[in-house]
Amino acid sequence: MLEDRYLRAARNNAEWCDAVCRAHGNPGEFHDDIWLSRRPVPRFYPNAGTLAESSQRQLDLIDELIAARLPSGWAVKDSFSMLDLESRGFRMLFSAEWIYLPVSRLQDIASKTSVRWEIVRDALALAEWESAWSRSAGDTSKDRIFLPSLLKNKDVAVAAGFRDGQIVAGAIANRSDGVVGWSNFFAPATEMFDHAVASLATIARVFPGLPIVGYEHGDDLRNAHSLGFESIGPLRVWMFQPSGKLTRRSL
């Protein structure tokens, strides 16, 4: 049986994916064991994410997405690393680990950065935030991902770190099922740790008394461990691309 923290982390991420799709006017579908969107989704986001142990129902719904002929490169988040989708034309894009920061460790977090952190409240500031996030990620697309309607969602908070009136760091938090998701963090490479601490402290003030979850891999996973996160289980992302070269995406 899957651990409760593992399940809640996967559900929280699916809730965030759905919130982004909903902001674009295309909410997804929640089933007992999988979330999915039958229409094209914003870049960097999957069309499905599993919510429970592998099942034939999950595979049947993934087959329906294949039959829908979505744009090339759409993805499935295999939240518990249980699916083998290679025979269906998928390639594994990357593997990662879900992470969990208990409330007890959150209480010890104190911001040491000189950057002023606050929550984004209006559409103009959100556009500035996304521009800073895009530059940090090397994303040159002009198509917006984070739309103003997200700011009306009481379970979503976009945190921004300001220096000299400019956004230099940020993160997004989403609350669901007794946890808070931490995602889309960015900061100058030489100040990552201090800004990460500050973003977590900001999120903890907005959504107090709740553990923080997310997922990372590689250097970002090691950095998360240094912040006090613990790994709670693996995940994989599969991209539907029967032929051609894979490209790295952050889903």
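A: In this predicted model, 11 strands form an open sheet in the order β1-β2-β3-β4-β11-β5-β10-β9-β8-β7-β6, with mixed pairing; strands are DSSP runs of E with at least two residues, helices runs of H or I with at least four, both numbered from the N terminus, and two strands pair if DSSP finds at least two bridges between them. Because β1 (29-30) and β6 (116-119) each have a single partner strand, they stand at the edges, and one side of each is left without a neighbour in the sheet. Within the sheet, β8 (residues 166-176) and β9 (residues 179-186) pair in the antiparallel sense over 6 bridges, and Ala173 has Trp182 in β9 as its bridge partner. Helix α6 (residues 218-227) packs on the sheet, where it touches β5, β9, β10 and β11, contact meaning heavy atoms within 4.5 Å; the direction of α6 makes about 10° with that of β5, with axes fitted to C-alpha atoms, for helices over the stretch in contact, and angles taken from 0 to 180 degrees between N-to-C directions. Helix α1 (residues 4-23) lies across several strands, including β1, β5 (90-101) and β8, and runs at about 115° to β8.

As for confidence, the protein averages a pLDDT of 94, and 95% of the residues score at least 70, pLDDT being the predictor's confidence in each residue, from 0 to 100. Over residues 245-250, however, pLDDT stays under 50. Where pLDDT is low, the predicted coordinates should not be read in detail.

Residues are numbered from 1 along each chain as its sequence is written, and side-chain values use heavy atoms, leaving out hydrogens and water. Local features need pLDDT of at least 70 and side-chain atom pairs count only at pLDDT 80 or more, whereas totals for chains, interfaces and linings use all residues.
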